[in-house]
Amino acid sequence: MTERPAVPVADRTLSDYAPGLVETHGPLEVTESEIVAFASSFDPHDMHVDPEAARRSPFGGLIASGWHTTALMMRLMVGGFLNQRASVASPGVDELRWLLPVRPGDLLRARFTVLSSRISASKPDRGLVRTRIEMLNQRDEVVMSQVMMNLVLRDLPPFA
């Protein structure tokens, strides 16, 4: 595994996402109010929105929606790992797993490990980067994992 590239995230292109690259970003603190606010809009199960009902659940207390955990990962990815100018799109995510509950007060970090990177056969101005992403809590436990694919340009477009 390699350390963070010398190239700042704002200047990265496809060649900077070499297989074996590992970066960790964060932490973000998860608060009760954020858990309830997110879930109230997008995943209103009692275990995410009602602290009293959540205490009676198998989880024994309020937990974040898995989609909230995934959204926090995206915040860390966009903020520190993936160049927004070079990132064209994502054709999808594989192997998404929510492994442990995320609770109020947890501190989450995202670990990004580039698995593969290749030039597109159909659009040679870009390539496909496959990245294993793990969200870790303050005890270094993996709470979420996935493999994401991103289309990344080989050269940066001029500033708009």
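What share of the contacts in the chain with a separation of 6 or more comes from residues 24 or more positions apart? The share is 69%, where contact means heavy atoms within 4.5 Å.

This is a predicted model, in which local features need pLDDT of at least 70, side-chain atom pairs count only at pLDDT 80 or more, and totals for chains, interfaces and linings use all residues. Residues are numbered from 1 along each chain as its sequence is written, and side-chain values use heavy atoms, with hydrogens and water left out.

The chain holds four helices and five strands. Its order along the sequence is β-α-α-α-α-β-β-β-β. Helices (H or I, at least four residues) and strands (E, at least two) are DSSP runs, numbered from the N terminus.

Some values for the whole chain follow.

| Property | Value |
|---|---|
| C-alpha box along the principal axes | roughly 55 × 30 × 25 Å |
| Buried residues | 42% of the 160 residues |
| Accessible surface | about 8,500 Å² |
| Carbon and sulfur part of that surface | 56% |

Buried means under 20% relative accessible area, exposed over 50%, and partly exposed in between (1.4 Å probe, protein chains only). Accessible areas come from the Shrake-Rupley method with a 1.4 Å probe; for residues, only the protein chains shown count as cover.

Now one residue. Trp67 sits in helix 4 (residues 66-81). Trp67 counts as partly exposed because its relative accessibility is 48%. Leaving out residues up to four places away in sequence, Trp67 touches Phe38, Asp43, Leu96 and Trp98. Ser33 is 34 residues from Trp67 in sequence, and their C-alpha atoms are 16 Å apart.
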